[in-house]
Amino acid sequence: MDGNGRWAIRRGLRRSAGHRAGVQAVRRVVEAAPDCGVTMLTLFAFSSDNWMRPRDEVKALMWMLRGYLRSETQRFIDSGARLLVIGRRDRLAAQLRAEIHRVERATADGRRLTVRIAIDYSSRDSILRAATTLPTGRVSSREDFARLLASPNAITDTAPVVSQVDLLIRTGGEQRLSDFMLWESAYAELLFSDLMWPEFAADDLRAAVEEFHRRERRFGALRNPKPGAASGQGET
Ligand code: IPE
Ligand code: MG
């Protein structure tokens, strides 16, 4: 979700107004997701590198995240959606941690859509942590490893595992991953949009999913392989 700050500055507003407008875009996208066939949506709200931003901006973002979690709980329950937060918790304020805990519990029965909000998230750090805490001999597959990549909180034990990202959308015109779901995005279809995040609407999500369905995914194999024809001539 990139481009909040630029969206605001272009309108002569403060960056925090851009973040507020960004929250509205989150509401639109979360609401539109199930109708687009999306059952799992991960939103990159605050990266571990975002701590380097000015103190006031960090404070405003944390305040808005807490407000979002609080204000959306009932809406999530009513729409059968589950909310989970991934990323480190130990550097978050106690009130935000408590809010996360509360909303994860309150929405734990949601099955129609899972929304994961990444806060203090770094994909490299989560890979590192998973690799250094590997239970010896018990991780035998990529799926098992992916299970370790989400934060190890009790409530997430029952969370659906994201072993692969199908579609990764980045708004704001930059074409980079910025430490987001690197392992899981091995074969993700990437879509870079020049829209600033506050401009991103339900129709843009719909169009992105349509574009995704037009892509041919080969996962390194050949197109429409004939049975038994797998050989060393893989395309990538
Ligand atoms: C939103 O956009 C990203 C976060 C919520 C941290 P930015 O704040 O990065 O906006 P730009 O890139 O400065 O426009
Ligand atoms: Mg940015």
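Me: How far does a polar side-chain atom of Arg53 lie from an oxygen atom of ligand 1?
Reply: Keep in mind that this is a predicted model. A pair of N or O atoms counts as a polar contact within 3.5 Å. The pair made by a polar side-chain atom of Arg53 and an oxygen atom of ligand 1 lies at 2.7 Å.

Me: What share of ligand 1's exposed area does the protein bury?
Reply: Start with the ligand by itself: taken alone, ligand 1 exposes 390 Å². Of that area, the protein buries 88%.

Me: Which helix gives the most residues to the shell around ligand 1?
Reply: Good one! Helix 1 (4-10), helix 2 (15-32) and helix 3 (55-78) each give two or more residues to this shell. A backbone N or O atom of Arg6 lies 2.7 Å from an oxygen atom of the ligand, and one of Asn4 lies 3.2 Å from a ligand oxygen. With 3 residues, the top contributor is helix 1.

Me: How many residues of the shell around ligand 1 are charged?
Reply: In total, 13 residues surround ligand 1, with Asp2, Gly5, Arg6, Arg15 and Arg53 the closest. The shell has 3 nonpolar and 5 polar residues, and its charged residues number 5.

Me: What is the bridge partner of Ile86 in strand 3?
Reply: Strand 2 pairs with strand 3 (residues 113-121) in the parallel sense, over 6 bridges. For Ile86, the bridge partner in strand 3 is Ala118.

Key: Residues are numbered from 1 along each chain as its sequence is written. Chains are lettered from A and ligands numbered from 1 in the order in which they are written. This is a predicted model: local features need pLDDT of at least 70, side-chain atom pairs count only at pLDDT 80 or more; totals for chains, interfaces and linings use all residues. Side-chain values use heavy atoms; hydrogens and water are left out. A residue is near a molecule or strand if one of its heavy atoms lies within 4 Å of it. A polar contact is a pair of N or O atoms within 3.5 Å; within protein, one must be able to donate a hydrogen and the other to accept it, and residues adjacent in sequence count only if both atoms are side-chain atoms. Accessible areas come from the Shrake-Rupley method with a 1.4 Å probe; for residues, only the protein chains shown count as cover. Helices (H or I, at least four residues) and strands (E, at least two) are DSSP runs, numbered from the N terminus. Ala, Val, Leu, Ile, Met, Phe, Trp, Tyr, Cys and Pro count as nonpolar, Asp, Glu, Lys and Arg as charged, and the others, Gly among them, as polar. Two strands pair if DSSP finds at least two bridges between them.
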